Amino acid sequence: MNQKQLVGEKAATFVEDGMVVGLGTGSTAVYMVQALAERVKNEKLSIVCVSTSKATEKLALSLGLNMKPLAEVNKIDLTIDGADEISPDFHGIKGGGGALLYEKIVATNSKKNLWIVDDSKLVNTLGKFPLPVEVVPFGCEHLFEKFKEKGYRPEYRKDEEGAKFITDSDHFIIDLYLEKIEDPKAFANELKNEVGVVEHGLFIDIVDQVIAGTPDGKIEIETK
Ligand code: 5RP
């Protein structure tokens, strides 16, 4: 079994009857959603789920999970999501799948956030993975130039046809090829202060627990 499947299936066992559960996005989260749907069916669990993307919503509905809009739930008990990078101090980069905005909204409305990753996502310093920045299309060319001048090596995220990738909330994504983010908190604040930036993929002080795969097929669970 590959690491993504292993951690995804393990994470599904963390869900308890009666919970409101946030469902993440990406290939690792897919395994978790599938395993959770199996548990709900076999154990007759009564749970409510909230999605972090249209893609996950579609998958979860096809598997018969009870989905509700975020507006209709009070608080999410547990959100399980993938990640692109996690540093030893539990900060991370997300948004490789382009769902960072909804993922961050769901995460910050959750009592507990659990991330599921293969061992390649555990890094000492964030930034090797291109940092996604979700921007309003209007005038974003100026933001792009500004990032370029600052040496952030921006590139527009593209879809399969080579057109600019459009997020679930109709924004563009500019990926920053930074290689290294020395001070993630400061950089997160800098990006947040740019007009036209809707959200960025730095998840600071959000994750509570990480389930990571190991190359020899085991899992490690780390709690902040
Ligand atoms: C989507 C995300 C994903 O969680 C992240 O990209 C990890 O994806 P995968 O599990 O496919 O490696 O942030 O926006």
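1. Helices (H or I, at least four residues) and strands (E, at least two) are DSSP runs, numbered from the N terminus. By that scheme, T79 sits in strand β3, which spans residues 76-81.

2. This is a predicted model, in which local features need pLDDT of at least 70, side-chain atom pairs count only at pLDDT 80 or more, and totals for chains, interfaces and linings use all residues. Residues are numbered from 1 along each chain as its sequence is written, and side-chain values use heavy atoms, with hydrogens and water left out.

3. T79 is buried, at 1% relative accessible area; buried means under 20%, exposed over 50% and partly exposed in between (1.4 Å probe, protein chains only). Its side chain makes a polar contact of 2.6 Å with the side chain of S110. A polar contact is a pair of N or O atoms within 3.5 Å; within protein, one must be able to donate a hydrogen and the other to accept it, and residues adjacent in sequence count only if both atoms are side-chain atoms. Leaving aside residues up to four places away in sequence, T79 touches G22, V106, S110, K112, N113 and L114, where contact means heavy atoms within 4.5 Å.

4. S53 belongs to the loop between β2 (48-51) and α3 (54-62). With a relative accessibility of 7%, S53 counts as buried. Beyond residues up to four places away in sequence, S53 is in contact with T25, A99, Y102 and D168.

5. The ligand is surrounded by 17 residues, of which S27, T28, D84, G95 and K121 are the closest; a residue is near a molecule if one of its heavy atoms lies within 4 Å of it. By class, this shell holds two nonpolar, nine polar and six charged residues. Here Ala, Val, Leu, Ile, Met, Phe, Trp, Tyr, Cys and Pro count as nonpolar, Asp, Glu, Lys and Arg as charged, and the others, Gly among them, as polar.

6. The protein covers 92% of the 380 Å² of accessible area that the ligand has on its own (Shrake-Rupley method, 1.4 Å probe).

7. In helix α6 (residues 184-192), the buried residues are P184, F187, A188 and L191. They lie on the same side of α6 because they cover an arc of only 105 degrees around the axis, taken from the directions from the helix axis to the C-beta atoms. Their cover includes β7 (131-135), α5 (140-149), β9 (172-176), β10 (197-200) and β11 (202-203).
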